[in-house]
Amino acid sequence: MQAFEFYSPTKILFGPGTQAQAGPQAAACGASRVLVVYGGQSAARSGLLDQVYSSLAQAGLVWEAFGGARPNPRLSHVREGVKRALAFGADFLLAVGGGSAIDTAKAIADGAANPERDLWEELWLKRVPLERSLPVGVVLTIPAAGSESSHSAVLTRDDTLEKRGLASDLHRPRFAILNPELTYTLPAYQLSCGITDIMMHTMDRYFNPVSTNELTDELSEGLLRTVIRNGRLALERPGSYQPMSELMWAGSLSHNGLTGLGDNMDFATHQLGHELSAQFDAAHGATLAAMWGSWALYCVDANPARFARFGRAVWGLDGTGRTEMEQALAAIAATVQYFQDIGMPTCISQLVGKPLSEELLETLTRRCTFFGQRTIGSFKVLCHDDILAIYRMANH
Ligand code: NZQ
Ligand code: ZN
């Protein structure tokens with residue numbers, strides 16, 4: 001196990017009715033003027049926004065609402081939000097929704113706390129370190145991105161379509177309200193995207209070069225088995241509390257750092273997927289399912305034993321009489337089959353409707369390397385030619 005720091009300060013309020021805690025919890029954080037950040041219309045339609053507003057008002061807080069965060073949130077919208085936050089004098093951001101609303105709130109918090117800085121050029125591109133931000137709270141409506149407990153926020157710049165994340169402990173929400181009942185209105189496709197993303201936050205940590213993390217590995221395998229089983233149940237029985245509870249809690253634990261302690265995260269599949277989201281505005285979880293199988297087949301030779309263990313521990317595959325490579329390939333096939341079973345794309349044409357031209361694959365690759373400035377991954381370090389090869393493998 002490598003040396004690590006673990007910091008996960010987010011207070012979790014889990015269970016039915018917990019949205020009524022939004023006001024008291026924000027007040028306990030010292031809030032007085034709350035900017036409520038939400039996405040499209042789902043939280044208005046369900047009545048959740050009204051419940052949150054009344055909780056804020058009952059706690060004696062002044063609030064304003066800023067809606068319109070879209071999946072793959074845009075920088076231009078965040079810039080508008082920063083203006084709103086400053087004009088209103090917000091001292092607290094409350095996100096109501098999923099990763100897109102939460103990341104929008106985190107980015108507005110950064111911009112409003114640093115009005116003299118350009119949010120993208122200085123803070124997001126890390127030319128200037130982020131030293132302060134406003135506090136953020138969350139009412140979660142979809143188990144997926146894990147932003148309710150993570151230190152990152154991901155934005156897409158409108159004109160260049162660069163999708164970039166900024167990680168900082170200042171981004172960790174003060175509290176997160178997790179009521180599984182708030183997810184019952186989710187379309188099946190979004191739920192499947194969420195299941196995939198939860199799995200990938202742990203798998204992108206599990207496949208790494210360090211193999212001496214017994215507890216971290218066991219936690220990861222247990223989380224994955226739980227998500228796989230309850231993902232199926234949640235899709236089969238929409239509106240069921242028990243499977244949604246398991247998914248919601250797993251989503252937060254899968255991205256607060258717990259399942260990667262003591263190792264070097266990989267996250268190559270996330271980087272490959274981000275370029276597809278940026279280019280095609282595709283749902284984040286779907287891009288991961290479209291790329292993972294090709295990533296795995298390309299990288300399996302780096303450590304077939306790791307994939308073989310994944311197959312036995314997560315998928316319950318019997319390794320008797322099979323070589324490590326045979327077991328590894330069976331584990332990859334089982335994972336890809338699961339993504340297919342839950343309605344996810346497992347190649348590029350299933351994601352965007354057609355295979356891409358060689359020229360576009362080259363563009364995605366160059367973007368993925370930040371125009372030659374970086375490699376991705378740690379399980380197998382991937383440079384330009386590797387990334388292009390993986391995009392080609394997925395391009396059918
Ligand atoms: O906008 P509304 O109307 O709310 O609709 C949303 C949206 O269309 C809908 N939805 C959410 N809750 C619902 C619901 N519809 C009905 N009932 C509900 N209860 O679902 C759609 C997707 O919402 P979104 O917030 O985009 O989903 P998700 O949580 O998957 O977030 C995706 C974003 O998070 C980023 C992704 O890149 C993407 O931009 N990520 C953020 C991370 C982080 N900050 O730590 C890590 C992740 O790896 C990821 O990159
Ligand atoms: Zn993700």
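Which helices are included in what covers the buried residues of α16? I began with this point, bearing in mind that the model is predicted.

**Entry 1: helix α16.** I located α16 at residues 384–394 and listed its buried residues as Asp386, Ile387, Leu388, Ile390, Tyr391 and Ala394. I then looked up their cover, which includes α10 (268–280), α11 (284–299), α14 (348–352) and α15 (358–368). I noted for the helix pattern that an α-helix has 3.6 residues a turn, so residues three or four places apart point the same way.

**Entry 2: the zinc ion.** I turned next to ligand 2, a zinc ion, and asked which residues coordinate it. The donors are Asp197 through OD, and His201, His270 and His284 through NE2, at 2.0 to 2.2 Å. I found both histidine 270 and histidine 284 to be buried.

**Entry 3: ligand 1.** I counted 33 residues around ligand 1, with Gly40, Ser42, Gly99, Ser100 and Ser150 as the closest. By class, I recorded 20 polar, ten nonpolar and three charged residues in this shell. At least two shell residues come from each of α5 (99–113), β6 (152–156), α7 (188–206) and α10.

I then looked up individual atom pairs. A polar backbone atom of glycine 99 is 2.7 Å from an oxygen atom of ligand 1. Serine 152 places a polar side-chain atom 2.8 Å from an oxygen atom of the ligand. For leucine 182, a backbone N or O atom lies 3.0 Å from a nitrogen atom of ligand 1. On its own, ligand 1 has 950 Å² of accessible area, of which the protein covers 89%.

Key:
Residues numbered from 1 in each chain as written. Chains lettered and ligands numbered in written order. Predicted model: local features only at pLDDT ≥ 70, side-chain atom pairs only at ≥ 80, totals over all residues. Heavy atoms only, no water. Buried < 20%, exposed > 50% of the residue type's maximum accessible area, 1.4 Å probe, protein only. Helix = DSSP H or I, 4+ residues; strand = E, 2+ residues; numbered from the N terminus. Contact = heavy atoms within 4.5 Å. Near = heavy atom within 4 Å. Polar contact = N/O pair within 3.5 Å; in protein donor to acceptor, adjacent residues only side chain to side chain. Areas by Shrake-Rupley, 256 points an atom, 1.4 Å probe, with all protein chains shown as cover. Nonpolar A, V, L, I, M, F, W, Y, C, P; charged D, E, K, R; others polar. Donors = N, O, S within 2.8 Å, 3.2 Å for Na, K, Ca; no water.
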